[in-house]
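Here is a short report on a structural model. Please keep the sequence and the coordinates open while reading.

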Amino acid sequence: MTAYDIATDRDAEPRSVKKFGVRLPTIGTERLLPFILPVATLLAWQFLSSIGWISSRIMPAPSAVGVAFIDQLRSGDLLRDMAVSGGRALAGLLVGGSIGLALGIANGIWKLSEQLTDTSLQMLRTIPHLAMIPLVILWFGIGEESKLFLTSLGVLFPVYLNTFHGVRNVDRDLLEMGRVYGMSGLTLFRKVILPGALPSIFVGLRYALGIMWLTLIVSESIAASSGIGHMANEAREFMMTDVVVLSLLIYAALGKLADMIARALERRCLSWNPVYQK
Amino acid sequence: MTLQAQTISNPATIAGPLAIRLRDVTKRFGDNSVLRGIDLDVPAGQFLAIVGKSGCGKSTLLRLLVGLDAQSSGSIDFSDADGRQVAANARIVFQEPRLLPWASVLDNVVVGLGEGVEARQTQRDALAALDEVQLSEKASDWPSVLSGGQRQRVALARALVSKPSLLVLDEPLGALDALTRITMQQLVSRVKQTLGFTAVLVTHDVSEAVHLADRVIVLDQGRIALDLDVTTAHPRKHGDPALAVLERRLLDAILGDS
């Protein structure tokens, strides 16, 4: 969608520029435009911090965050914590995502499976999974299991719901065509049902990625001895606001990266869909 | 052999057109009788058109022929040129193209070959079928870039690629514009002459029926109301006076008593 929007904007721009008689620099204007606001904010923030209007206890100057970034990078802590957090996120996504995908497909195809599990899943879904943190700590302590459990649980439901919906809404006409042309069982699933459900599964995946990071941040801040969340929490105890802000920025960057990977995958797998064609 | 719902035979086993024999075929949905004792013999290689108003039972009859539904009572038999009873090797072209949007044009045609055919042979057959409908240059495109008429031609290629002994057409040209429809009619007529399968066309377009078919039956309230042979030689011209007379008779039979 976005790729398409940008393309239209590009086509439209030269005309609107002429219309208002403003001569903007032509090279990459439309690429730079989104960054004007953040850069201006950063500059203002840096300026206000250096003249002492913003206390470094409340908000560190951007330069201080930059310095903290380099320090943490040099000591090796940052990369280690990022690797730990990334590994947890991926493990939770794999475990929760596969369970959600399998249940969604099974319930979409088999009436019996749906009748057996759907109501229970819908009931479990209404419990905010973060509300289970006290119980999870009692069960697993603050080890890796607690993080894996919470992230998997958070990721499971969006993947399940969207997969189920996708499988259920595969075009009936195509299914009938498949049967008339002799497809059954696995062939029908591979050639018609799965590709038909894929757009919806991707929606579930991208939604799950958001929940994955959210769960990880919360569980790492409350109960962890490593990871970005732990880094932020430790920095809070020593009043190191620069490191706290740095960890927020890293979460944002990791979240964006995950979404970009999911989008790239989506564009590749759904290239047959006119929406994703250039 | 009586055709059960969901039994679709292996296309590779039978060659040559099939004869169809229906005896006292009825179909009820609850209390509603859609077909009431249809007796019909379709000789091998005939092009039969079934016309009638909406709800006359023509689509139901067609679904019975390809095994998408089972009749409530009566029998439907298929036999080959030697008179032996065989399973139907039927292929269907729907009103909508029903192409897989995530498969290339060529792969959509390959669907028509079913499972278990060697890959290289499959590609060659599919390309040949696309060539038959003059779309071989679109083989690697997505269906979404094709026009409505082109999509329906791909659907026709998918139906023809397995060299079916029975081709069933469910208002296949109904959604196309008038000019595309005429070219498609010529195409269907041409492949019918070349490949020689038995064809059953369901349509509400009487002019299309007399243009394509060797025989037209009118279905009314689940019964055969009129059975007409069309003897004009192929290729037929639109506006041929002999066909116009037949068209008039068919229209009278369809609309007459209402």
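## The nonpolar cores

This is a predicted model. The largest nonpolar core holds 104 residues, and B:Val109 and B:Ala157 touch the most other members. What does B:Val109 contact beyond its neighbours within four places in sequence? The list is B:Ala126, B:Ala129, B:Leu130, B:Val154, B:Ala157, B:Arg158 and B:Val161.

A second core is separate and has seven residues. Among them are A:Met231, A:Ala232, A:Val245 and A:Leu246.

## Chain A in outline

Chain A contains 11 helices and zero strands. Along the sequence the pattern reads α-α-α-α-α-α-α-α-α-α-α.

The chain has 278 residues, of which 29% are buried. Consider the contacts in chain A with a separation of 6 or more: residues 24 or more positions apart account for 71% of them.

## Helix 3 against helix 11

In chain A, helix 3 spans residues 62–75 and helix 11 spans residues 241–269. The two pack at an angle of about 80°, and their axes are 9 Å apart. Helix 3 of chain A is therefore roughly perpendicular to helix 11 of chain A, since angles of 65 to 115 degrees count as such.

Helix 3 of chain A brings A:Ala64, A:Val65, A:Ala68, A:Phe69 and A:Gln72 to this contact. Helix 11 of chain A answers with A:Asp242, A:Val243, A:Val245 and A:Leu246. By class, the contact of these two helices has seven nonpolar, one polar and one charged residues. A:Val245 and A:Leu246 also belong to the second core.

## Helix 4 against helix 5

Helix 4 of chain A covers residues 77–109, and helix 5 of chain A covers residues 111–125. Their axes come within 8 Å and cross at roughly 130°.

On the helix 4 side of chain A, the residues are A:Leu103, A:Ala106 and A:Asn107. They meet A:Ser113, A:Glu114, A:Thr117, A:Asp118 and A:Leu121 in helix 5 of chain A. The contact of the two helices divides into three nonpolar, three polar and two charged residues.

## Where chain A meets chain B

How many residues of each chain are in contact with the other? Chain A places 13 residues in contact with 17 residues of chain B. Two helices of chain A, helix 8 (172–180) and helix 9 (185–222), each supply at least two residues of the side that touches chain B. Helix 8 of chain A gives the most, with five residues.

By class, the side of chain A that touches chain B has eight nonpolar, two polar and three charged residues.

## B:Ser59, a buried serine

B:Ser59 sits in helix 1 of chain B, which runs over residues 58–66. Is B:Ser59 buried or exposed? B:Ser59 is buried, because 20 other C-beta atoms lie within 10 Å, and 20 or more is the cut-off for that class.

Not counting residues up to four places away in sequence, B:Ser59 touches B:Asp170 and B:Val202. B:Val34 is 25 residues apart from B:Ser59 along the chain, and their C-alpha atoms are separated by 10.0 Å.

Technical notes. Residues are numbered from 1 along each chain as its sequence is written. Chains are lettered from A and ligands numbered from 1 in the order in which they are written. This is a predicted model: local features need pLDDT of at least 70, side-chain atom pairs count only at pLDDT 80 or more; totals for chains, interfaces and linings use all residues. Axes are lines fitted to C-alpha atoms, for helices over the stretch in contact, and angles run from 0 to 180 degrees between N-to-C directions. Helices (H or I, at least four residues) and strands (E, at least two) are DSSP runs, numbered from the N terminus. Two residues are in contact if their C-beta atoms, placed from the backbone, lie within 7 Å. Ala, Val, Leu, Ile, Met, Phe, Trp, Tyr, Cys and Pro count as nonpolar, Asp, Glu, Lys and Arg as charged, and the others, Gly among them, as polar. A nonpolar core is a set of buried Ala, Val, Leu, Ile, Met, Phe, Trp, Tyr and Cys residues joined through C-beta atoms within 7 Å. A residue is buried if 20 or more other C-beta atoms lie within 10 Å of its own, exposed if 12 or fewer, and partly exposed in between; C-beta atoms are placed from the backbone. Angles under 35 degrees count as roughly parallel, over 145 as roughly antiparallel, 65 to 115 as roughly perpendicular and the rest as oblique.
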